Amino acid sequence: MLEIVPKRFGDARGFFIETYNAERFSDAGIDLRFVQDNHSYSAAAGVLRGLHYQLPPRAQDKLLRVVRGRIFDVAVDIRRVSKTFGKYVALEISAEKGNQILVPKGFAHGFVTLVPDTEVLYKVTDTYSPEHDRSIRFDDPDIGIEWPSTAGGFQLSDKDLKATTLAAAEVFA
Ligand SMILES: Cc1cn([C@H]2C[C@H](O)[C@@H](COP(=O)(O)OP(=O)(O)O[C@H]3O[C@@H](C)C(=O)[C@@H](O)[C@H]3O)O2)c(=O)[nH]c1=O
């Protein structure tokens, strides 16, 4: 997982940011081809989406940013052979900071909104494939994510409420 903070050019009108530049990424050794852009809006604080991933051959790298509000973002290593299998990293991403996160293939990804009216934009390197789409429980004790508590508790989709544990999940070889 990589945090990227693009330069923000502020002036009397507001600001300007290059939110993605293929040449810069390539110069930094990151050669990815993004093929789909996503946008999610969450009305309340405590909306928790995750932990999601698509299995090979439809695995996705994800480049995420927040254009309104604030999220606590998590990536879990689900590469079976990895020394850090089952471990996670977490980072706050916000419109105010303008930071972005690159979640590579092989990681399950999720976030919880920290404030109402939060909008997340992200680019992915493969298109959506429901047959390869998987969800692992956000509260799997084997992963032990310390989610920040939100006043009204967490709001999850039906799919995420029925998600499996990491131990029972089909993961990356
Ligand atoms: C992810 C996705 C969903 N959909 C549809 C399926 C469904 O009817 C509706 C909502 O889908 P979901 O409930 O999966 O949306 P959501 O819970 O926001 O899923 C997202 O969560 C974050 C954490 C990620 O990392 C993303 O990759 C993605 O999995 O949108 C698409 O058409 N294309 C897509 O790429």
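Figure 1. The structure is a predicted model, in which local features need pLDDT of at least 70 and side-chain atom pairs count only at pLDDT 80 or more, whereas totals for chains, interfaces and linings use all residues. Residues are numbered from 1 along each chain as its sequence is written. E146 belongs to the loop between strand 12 (133-135) and helix 2 (158-161); helices (H or I, at least four residues) and strands (E, at least two) are DSSP runs, numbered from the N terminus. E146 and L48 are 98 residues apart along the chain, and their C-alpha atoms are separated by 13 Å.

**Figure 2. S40 and its contacts.** S40 lies in strand 4 (residues 36-42). With 15 other C-beta atoms within 10 Å, S40 is partly exposed. Apart from neighbours within four places in sequence, S40 is in contact with R49 and V120; two residues are in contact if their C-beta atoms, placed from the backbone, lie within 7 Å. S40 and V120 are 80 residues apart in sequence, yet their C-alpha atoms are 5.2 Å apart in space.

**Figure 3. The shell around the ligand.** S40 is also one of the residues that surround the ligand, together with N38, R49, G50, H52, K62, H109, G110, F111, Y128, S157 and K159. Strand 4, strand 5 (48-54) and strand 10 (107-113) are the elements that give two or more residues to this shell. A residue is near a molecule if its C-beta atom, placed from the backbone, lies within 6 Å of it. By residue class, the shell holds 2 nonpolar, 7 polar and 3 charged residues. Ala, Val, Leu, Ile, Met, Phe, Trp, Tyr, Cys and Pro count as nonpolar, Asp, Glu, Lys and Arg as charged, and the others, Gly among them, as polar.

Figure 4. The 5 strands of an open sheet follow the order 1-9-6-11-4, with antiparallel pairing. Strand 1 (2-4) and strand 4 stand at the edges with a single partner strand each, so one side of each has no neighbour in the sheet. Strand 11 (residues 118-124) is mostly covered, with 5 of its 7 residues buried. Strand 11 pairs in the antiparallel sense with strand 4 over 7 bridges and with strand 6 (residues 62-68) over 6 bridges; two strands pair if DSSP finds at least two bridges between them. Within strand 11, V124 stands opposite Q36, and E119 is the bridge partner of R68.

**Figure 5. The largest nonpolar core.** Of the 29 residues in this core, L64, I71, V76, I78, F107, A108 and V112 touch the most other members. A nonpolar core is a set of buried Ala, Val, Leu, Ile, Met, Phe, Trp, Tyr and Cys residues joined through C-beta atoms within 7 Å. Strand 7 (70-77) is among the strands that each supply at least two residues, and its 5 residues form the largest share. Not counting residues up to four places away in sequence, I78 touches Y53, G106, F107, A108, L166, V171 and F172.

Definitions and conventions: Buried ≥ 20, exposed ≤ 12 C-beta atoms within 10 Å, placed from the backbone.
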